[in-house]
Amino acid sequence: VVVCSTSLQSNLIMDFLNEFYAHPKLQNFYVVLLSPSELDQTLAMTLHVPLWAQRVIYIQGSALNNSDLNRAQVEYAEACFIMAARNYPDRQAADQHTILRSWAIKDYAPNCIQYVHLLKPENKMHVQHASKFLISK
(Lines give C-alpha, C1' and ligand atoms only; values in the text may rest on other atoms or scores of the structure.)
Protein backbone atom coordinates (compact mmCIF):
# COMPACT_ATOMS: atom_id res chain seq x y z
CA VAL A 1 0.00 0.00 0.00
CA VAL A 2 1.07 3.59 -0.56
CA VAL A 3 0.60 6.39 1.98
CA CYS A 4 0.73 9.94 0.59
CA SER A 5 0.98 13.01 2.77
CA THR A 6 2.34 16.54 2.47
CA SER A 7 4.28 16.09 5.68
CA LEU A 8 5.23 12.93 7.50
CA GLN A 9 4.56 13.60 11.16
CA SER A 10 5.90 10.76 13.27
CA ASN A 11 2.78 10.49 15.44
CA LEU A 12 0.46 10.37 12.40
CA ILE A 13 2.57 7.76 10.59
CA MET A 14 3.08 5.62 13.68
CA ASP A 15 -0.67 5.70 14.40
CA PHE A 16 -1.30 4.56 10.84
CA LEU A 17 1.35 1.80 10.90
CA ASN A 18 0.27 0.41 14.28
CA GLU A 19 -3.37 0.32 13.22
CA PHE A 20 -2.63 -1.06 9.74
CA TYR A 21 -0.39 -3.87 10.96
CA ALA A 22 -2.72 -4.76 13.84
CA HIS A 23 -4.80 -6.75 11.35
CA PRO A 24 -3.35 -10.27 10.93
CA LYS A 25 -4.03 -10.44 7.18
CA LEU A 26 -1.89 -7.33 6.56
CA GLN A 27 1.31 -8.58 8.21
CA ASN A 28 3.04 -9.35 4.87
CA PHE A 29 2.21 -6.04 3.16
CA TYR A 30 4.79 -3.38 2.43
CA VAL A 31 3.90 0.23 3.16
CA VAL A 32 5.43 2.89 0.92
CA LEU A 33 5.49 6.40 2.37
CA LEU A 34 5.44 9.02 -0.40
CA SER A 35 5.96 12.63 0.66
CA PRO A 36 7.74 15.74 -0.63
CA SER A 37 9.06 16.43 2.88
CA GLU A 38 12.08 14.85 4.46
CA LEU A 39 11.71 12.44 7.35
CA ASP A 40 12.02 14.06 10.74
CA GLN A 41 14.70 12.65 13.03
CA THR A 42 12.24 10.75 15.23
CA LEU A 43 10.50 9.02 12.34
CA ALA A 44 13.79 8.24 10.58
CA MET A 45 15.11 6.53 13.70
CA THR A 46 11.85 4.65 14.23
CA LEU A 47 11.82 3.33 10.66
CA HIS A 48 15.32 1.88 11.20
CA VAL A 49 13.97 -0.44 13.91
CA PRO A 50 13.93 -3.94 12.35
CA LEU A 51 10.16 -4.29 12.85
CA TRP A 52 9.55 -1.34 10.52
CA ALA A 53 12.70 -1.46 8.37
CA GLN A 54 11.55 -4.70 6.75
CA ARG A 55 8.03 -3.42 6.03
CA VAL A 56 8.14 0.34 5.42
CA ILE A 57 9.79 2.13 2.48
CA TYR A 58 10.15 5.92 2.36
CA ILE A 59 10.26 7.74 -0.99
CA GLN A 60 10.73 11.48 -1.13
CA GLY A 61 8.53 12.71 -3.95
CA SER A 62 5.16 14.10 -4.91
CA ALA A 63 1.89 12.37 -5.72
CA LEU A 64 1.47 15.08 -8.37
CA ASN A 65 4.51 13.80 -10.27
CA ASN A 66 4.02 10.70 -12.47
CA SER A 67 7.67 9.64 -12.15
CA ASP A 68 7.35 9.68 -8.34
CA LEU A 69 4.10 7.70 -8.55
CA ASN A 70 5.97 5.24 -10.76
CA ARG A 71 8.81 4.94 -8.22
CA ALA A 72 6.21 4.24 -5.51
CA GLN A 73 4.58 1.68 -7.86
CA VAL A 74 1.11 3.08 -7.20
CA GLU A 75 -0.33 1.23 -10.20
CA TYR A 76 0.49 -2.09 -8.46
CA ALA A 77 -0.61 -1.03 -4.97
CA GLU A 78 -3.50 -2.78 -3.27
CA ALA A 79 -4.59 0.63 -1.94
CA CYS A 80 -3.50 4.22 -1.57
CA PHE A 81 -4.08 6.21 1.62
CA ILE A 82 -4.04 9.97 1.08
CA MET A 83 -3.68 11.72 4.39
CA ALA A 84 -4.17 15.34 5.37
CA ALA A 85 -1.73 16.96 7.77
CA ARG A 86 -3.33 17.18 11.21
CA ASN A 87 -1.82 20.49 12.28
CA TYR A 88 -2.14 22.47 9.04
CA PRO A 89 -3.34 25.99 9.98
CA ASP A 90 -5.62 26.36 6.93
CA ARG A 91 -7.91 23.32 6.83
CA GLN A 92 -9.37 24.28 3.44
CA ALA A 93 -5.88 24.51 1.90
CA ALA A 94 -4.93 21.15 3.44
CA ASP A 95 -8.01 19.56 1.87
CA GLN A 96 -7.22 21.15 -1.49
CA HIS A 97 -3.76 19.52 -1.44
CA THR A 98 -5.33 16.20 -0.49
CA ILE A 99 -7.94 16.43 -3.26
CA LEU A 100 -5.31 17.27 -5.88
CA ARG A 101 -3.20 14.27 -4.81
CA SER A 102 -6.30 12.07 -5.01
CA TRP A 103 -7.12 13.27 -8.53
CA ALA A 104 -3.52 12.80 -9.67
CA ILE A 105 -3.48 9.23 -8.38
CA LYS A 106 -6.88 8.54 -9.98
CA ASP A 107 -5.50 9.75 -13.34
CA TYR A 108 -2.27 7.76 -12.99
CA ALA A 109 -3.71 4.54 -11.53
CA PRO A 110 -7.49 4.52 -12.02
CA ASN A 111 -7.89 1.02 -10.56
CA CYS A 112 -6.04 1.75 -7.32
CA ILE A 113 -8.39 1.80 -4.33
CA GLN A 114 -8.20 5.12 -2.49
CA TYR A 115 -8.82 5.98 1.14
CA VAL A 116 -8.86 9.75 1.53
CA HIS A 117 -8.58 11.73 4.78
CA LEU A 118 -10.25 15.15 4.64
CA LEU A 119 -10.58 17.85 7.28
CA LYS A 120 -13.79 19.54 6.11
CA PRO A 121 -16.98 17.56 5.37
CA GLU A 122 -18.06 19.83 2.52
CA ASN A 123 -15.03 18.71 0.49
CA LYS A 124 -16.06 15.05 0.26
CA MET A 125 -17.94 15.73 -2.99
CA HIS A 126 -14.55 16.23 -4.69
CA VAL A 127 -13.39 12.70 -3.92
CA GLN A 128 -16.48 10.65 -4.71
CA HIS A 129 -14.23 8.31 -6.73
CA ALA A 130 -12.49 7.21 -3.51
CA SER A 131 -13.49 3.91 -1.94
CA LYS A 132 -13.72 5.50 1.48
CA PHE A 133 -13.00 8.80 3.07
CA LEU A 134 -12.52 9.93 6.62
CA ILE A 135 -13.41 13.39 7.81
CA SER A 136 -11.68 14.77 10.91
CA LYS A 137 -13.49 17.29 13.02
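You'll find Pro36 in the loop between β2 (31–35) and α2 (41–47). Helices here are DSSP runs of H or I with at least four residues, strands are E runs of at least two, and both are numbered from the N terminus. From Pro36 to Gln96 there are 60 residues along the chain, and their C-alpha atoms are 16 Å apart.

A quick word on the ground rules. This is a predicted model, where local features need pLDDT of at least 70 and side-chain atom pairs count only at pLDDT 80 or more, while totals for chains, interfaces and linings use all residues. Residues are numbered from 1 along each chain as its sequence is written, and side-chain values use heavy atoms, with hydrogens and water left out.

Next up, salt bridges. How many does a search of the whole structure find? One, taking a salt bridge as a side-chain nitrogen of Lys or Arg within 4 Å of a carboxyl oxygen of Asp or Glu. The partners are the side chains of Asp68 and Arg71, at 3.0 Å from N to O. Both belong to helix α4 (residues 66–71), and they are about one helical turn apart because three residues separate them. Is Asp68 buried or exposed? Buried, since its relative accessible area is 10%. Arg71, at 47%, counts as partly exposed.

Gln73 has a phi near 55°, which is a positive value in a residue other than glycine. It counts as partly exposed, with 46% relative accessibility.

Arg71 and Gln73 both turn up again in the lining of the second largest pocket, together with Val1, Val2, Phe29, Tyr30, Val32, Ile57, Ala72, Tyr76, Ala77 and Glu78. So what do I mean by a pocket? On a 1 Å grid over the protein atoms alone, it's an open set of points with protein on both sides within 12 Å along at least five of seven lines; a cavity is a set where a 1.4 Å probe fits but cannot get out, and lining residues have an atom within 4 Å of a point. The pocket's volume is about 210 Å³, a volume being the space filled by probe spheres set on the points, which are joined across faces, edges and corners. Its lining has nine nonpolar, one polar and two charged residues. For those classes, Ala, Val, Leu, Ile, Met, Phe, Trp, Tyr, Cys and Pro are nonpolar, Asp, Glu, Lys and Arg are charged, and the others, Gly among them, are polar.

On to cavities: the count is one of 30 Å³ or more. The largest cavity holds about 40 Å³ of space. Which residues line the largest cavity? Thr6, Ala84, Ala85, Tyr88, Ala94, His97, Thr98 and Arg101. That lining divides into four nonpolar, three polar and one charged. Thr98 is in helix α5 and is buried, with a relative accessible area of 0%. The C-alpha atoms of Thr98 and Leu119 lie 9.5 Å apart, with the two residues 21 apart along the chain.

Last stop, helix α5 (residues 91–108) again, which also holds Leu100. Leu100 counts as partly exposed, at 41% relative accessibility. Thanks, everyone!

Technical notes:
Buried < 20%, exposed > 50% of the residue type's maximum accessible area, 1.4 Å probe, protein only.
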